[in-house]
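Opening the notebook on this one.

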Amino acid sequence: MTKKTKKMLIIGAIIIVLANLIPTIATKLSTTSQKRKFNMISSTSNMFFEDELKLFAKENNIDLSIDYYGDLEIVDILNSTNEQKKYDAVWISNSIWLYMLDNSYLVTDSKSIGINPVVLAVTKDKANELNLYSQEITNENILRAIEEKKLNYVMPSVTKTNIGATAYLGFLNSLAGSPEVLTVEMLKNPDLIANMKTFFKGVERVSGDELYLEEMFLNGSYDAIINYESSLIEMNKLLEREGKEPLHLIYPKDGVAINDMPFGYVERNQDKKENFEKILNYLRSEKVSKLLENHGIRTWYGGVNNQSDSNSFKKEWGIDTNKYLIPLKYPSKKVMTEALDIYVESLRKPNHTVFCLDVSGSMQGTGLEELKDAMNYILDREQAGKDRLQFSSYDKISIITFNSQIQKKSLVYTGDDTKNAINFVDSLKASGGTNIYDPSQEALKILENTNSKEYTRTVILMTDGESNIGQFEKLRRYYQNNSLDIPIYSIMFGESNERQLSEIALLTNAKIFDGKEGLKEAFKEVRSYN
């Protein structure tokens, strides 16, 4: 046998061996990579901690991915068989939402990471006027101030945000007499219903987004805000840096709504458990406790353990970390579901919404059909009710259509009789140019005649083009000369001019929603702001 032949045989043998080994090596590498990959779903309120958490994951060879959603969205995602498969862990604001899961065994090993009360914070002038510096304030005292029209406030949506929902459930439990167990029968008590209606009469503005809530409050002129203690602490730091008076936080002696920030394992496969436990132990470590306290998050019901940043918990802001917080009790899943339904239909402060709908020529075809579909969803009680976005019998709805000028103004409809409104929308046709300013001003005129003490007032402007007719300056003068506080929320579609819509949002302390990826989803989102 020649040397060349031997060499060829050796090379052939090596190739055969490698061919057999490569799949095994690839499988092991794939398995290792899969074990390192760790997907987490988290409340948007935890975004502040992302850098620290990802740094820890990197140092521990964990390929961490985090998706952020609102707490109630997280419940929907984890209740979806397909969506829940994407995640290995959940970090949510409150344990009550884990009880709302269809599969009560889906999330295991849940542990509290921090304590974050939901409280009412008032301006210094209002605190002085109502003598709210006392440690003996009760939820009943707050209710009486609202009833006497001495206190108004802004808050997040009850049906779309954790803050709004927990504040509502906590206050509901308190005014029901803090029973051992809140029942469905108790929710029907006429006195409780009357008191809760009074409480929500104090609402001046509602935000469907917990982050936007702060911006809305700071840009407006309101007595008070309902928010996380940690968020209010950060707001007070900002106010002091700007040389402004900080807010005074109120902790009713009969209890406050508490969020326990649980981190839990999504029980799918055991090969992710080791990484889950590493992250859990890190989040419950003394190092993280100090970091959380620097952000205004407590580590136990009595306050803080480390006092690592004296600027986070100031007594002059009404915060007493030596006083044990009395948590209000949350009801069962069944009672919570019923309570949220009752809120939408009976307790929520009624709203008068004016829709300004673009029917210019560029809306012809697909655009107009999308608009009709979105409005049909919003106006149909059965469809919108699936997302708790339906109008109630106490609400008012007006519709203005426009192109280069105002085309039609509909009658005022009530929220429980929208058949004529749906027929009106279905009859729309598209033509002409675009003028967003005149219909916006007309909508404000309509709402000026609506009592702000009885209704929250909102304009929803939907447009798909640049306004080539009309003047922003005319709208601005009208808004400011009449000292209005009515938001004009805009939905961008097609080729709408974002600069023009931003001017209107800035003027009216509102925001813009992107409907380019789906007009129906944009309408759903903006509905949670009124």
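In which helix do Glu 50 and Lys 54 both lie, and how many residues apart are they? I find both in helix 2, four residues apart, about one turn of the helix. Helices here are DSSP runs of H or I with at least four residues, strands are E runs of at least two, and both are numbered from the N terminus.

Ground rules before I go on. The model is predicted, so local features need pLDDT of at least 70 and side-chain atom pairs count only at pLDDT 80 or more, while totals for chains, interfaces and linings use all residues. Residues are numbered from 1 along each chain as its sequence is written, and side-chain values use heavy atoms, with hydrogens and water left out.

**Entry 1: salt bridges**

I take a salt bridge as a side-chain nitrogen of Lys or Arg within 4 Å of a carboxyl oxygen of Asp or Glu. The count by this rule is 30. Glu 50 and Lys 54 make one of them, at 3.3 Å from N to O. I checked burial too: buried is under 20% relative accessible area, exposed is over 50%, and partly exposed is in between (1.4 Å probe, protein chains only). Glu 50 comes out partly exposed at 22%, and Lys 54 is also partly exposed, at 33%.

Next I looked at Asp 223, which has a salt bridge to Lys 126 with the closest N and O atoms 3.8 Å apart. Asp 223 sits in the loop between helix 10 and strand 8 and Lys 126 in helix 5, so the pair ties together parts 97 residues apart in sequence. Asp 223 is buried at 16%, and Lys 126 is buried at 11%. Lys 126, Glu 129 and Asp 223 are linked in a salt-bridge network.

Then Lys 409 and Glu 442, whose side chains meet at 3.1 Å, N to O, in a salt bridge. Lys 409 is in strand 14 and Glu 442 in helix 18, so this pair joins parts 33 residues apart in sequence. Glu 442 is buried at 17%.

**Entry 2**

I count strands as paired if DSSP finds at least two bridges between them. Five strands form an open, mixed sheet in the order 2-1-3-11-4. Strand 2 (63-69) and strand 4 (107-112) are the edges, each pairing on one side only. Strands 1 and 3 pair in parallel over three bridges, and Met 40 stands opposite Ala 89 in strand 3.

**Entry 3: around strand 17**

Which residues of strand 17 point one way, and which the other? I get Ile 488, Ser 490 and Met 492 on one side and Tyr 489 and Ile 491 on the other, all buried. Strand 16 runs parallel to strand 17, with five bridges between them, and Leu 461 has Ser 490 as its bridge partner. Strand 17 also pairs in parallel with strand 18, over three bridges, and there Ile 491 stands opposite Phe 513.

**Entry 4: Val 335**

Is Val 335 buried or exposed? It is buried, at 5% relative accessible area, and I placed Val 335 in helix 14. With contact meaning heavy atoms within 4.5 Å, and leaving aside neighbours within four places in sequence, Val 335 touches Leu 182, Thr 183, Val 184 and Leu 187. The C-alpha atoms of Val 335 and Leu 169 are 9.8 Å apart, though the two are 166 residues apart along the chain.
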